[in-house]
Amino acid sequence: MTTINTSEKPRQIAYWVITALLCAGMFAGGIAQAVHAPWNAQGFILLVYPLSVMTLIGLWKLAGVIVHLAP
């Protein structure tokens with residue numbers, strides 16, 4: 001285990017707070033897209049994308065959260 005310099009501590013806390021917020025947003029969006037939430041489906045329909053693309057993007061977002069948080 002490495003020791004953390006006291007000047008590094010605030011930077012590390014800020015990193016994990018920002019990472020947690022990013023991952024929470026990606027996770028929520030990925031779940032909503034994977035289960036075809038109505039508000040997401042309407043946006044994809046307006047953009048003339050097939051809903052299968054929405055499922056794929058949602059699953060990739062969930063995979064991205066896992067990869068981002070893995071050591």
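Because the model is predicted, local features need a pLDDT of at least 70 and side-chain atom pairs count only at pLDDT 80 or more, while totals for chains, interfaces and linings use all residues. Residues are numbered from 1 along each chain as its sequence is written, and side-chain values use heavy atoms, with hydrogens and water left out.

Start with helix 1, which covers residues 9-34. Helices here are DSSP runs (H or I, at least four residues; strands are E, at least two), numbered from the N terminus. UniProt, in an unreviewed entry, places the feature "transmembrane region" at residues 13-32 and 44-70. UniProt positions are given in the numbering used here, feature names are shortened, and annotations may be inferred rather than shown by experiment. What does the model show over residues 13-32? That span is 100% helix and 0% strand. Its end C-alpha atoms lie 29 Å apart. Residues 44-70 are 81% helix and 0% strand. There the end C-alpha atoms are 30 Å apart.

Now look at single residues in helix 1. Threonine 19 lies in this helix. Is threonine 19 buried or exposed? With 5% relative accessibility, threonine 19 counts as buried. Buried means under 20% relative accessible area, exposed means over 50%, and partly exposed lies in between (1.4 Å probe, protein chains only). Threonine 19 touches His68 and Leu69, leaving out residues up to four places away in sequence. Contact means heavy atoms within 4.5 Å.

Glycine 30 also belongs to helix 1. Glycine 30 is buried, at a relative accessible area of 0%. Beyond its neighbours within four places in sequence, glycine 30 is in contact with Gly58, Lys61 and Leu62. Glycine 30 and histidine 68 are 38 residues apart in sequence. In space, their C-alpha atoms are 14 Å apart.

Glutamine 33 is found in helix 1 too. Its relative accessible area is 8%, so glutamine 33 is buried. Which residues does glutamine 33 contact, leaving aside neighbours within four places in sequence? They are Asn40, Phe44, Met54, Thr55, Ile57, Gly58 and Lys61.

Next comes the loop between helix 1 and helix 2, where histidine 36 lies. Histidine 36 is partly exposed, with a relative accessible area of 30%. Its phi is near 60°, a positive value in a residue other than glycine. Most residues other than glycine have a negative phi.

Helix 2 spans residues 38-46. How do helix 1 and helix 2 pack? They meet at an angle of about 75°, with their axes 8 Å apart. That makes helix 1 roughly perpendicular to helix 2. Axes are lines fitted to C-alpha atoms, for helices over the stretch in contact, and angles run from 0 to 180 degrees between N-to-C directions. Angles under 35 degrees count as roughly parallel, over 145 as roughly antiparallel, 65 to 115 as roughly perpendicular and the rest as oblique. At this meeting point, Gly29, Ala32 and Gln33 of helix 1 meet Trp39, Asn40 and Phe44 of helix 2.

Helix 2 has its own buried residues: Asn40, Ala41 and Phe44. Seen down the axis, they fall within an arc of 100°, so they line one face of the helix. The arc is that of the directions from the helix axis to the C-beta atoms. Their cover includes helix 1 and helix 3. On the other side of helix 2, Pro38, Trp39, Gln42, Ile45 and Leu46 are exposed.

Just after helix 2, valine 48 takes a positive phi of about 60°. Valine 48 lies in the loop between helix 2 and helix 3. Valine 48 is exposed, with a relative accessible area of 70%. Tyrosine 49 sits in the loop between helix 2 and helix 3. Tyrosine 49 is partly exposed, at 46%.

Finish with helix 3, residues 51-69. Its 19 residues reach 28 Å from first C-alpha to last, close to the 27 Å expected at 1.5 Å a residue. The expected span is 1.5 Å times one less than the number of residues. Met54, Gly58, Leu62 and Val65 are buried in helix 3. They cover an arc of only 75° around the axis, which puts them on the same side of helix 3. An α-helix has 3.6 residues a turn, so residues three or four places apart point the same way. Helix 1 and helix 2 are among what covers the buried residues of helix 3. The face turned away from the buried side carries the exposed residues Ser52, Trp60 and Val67.
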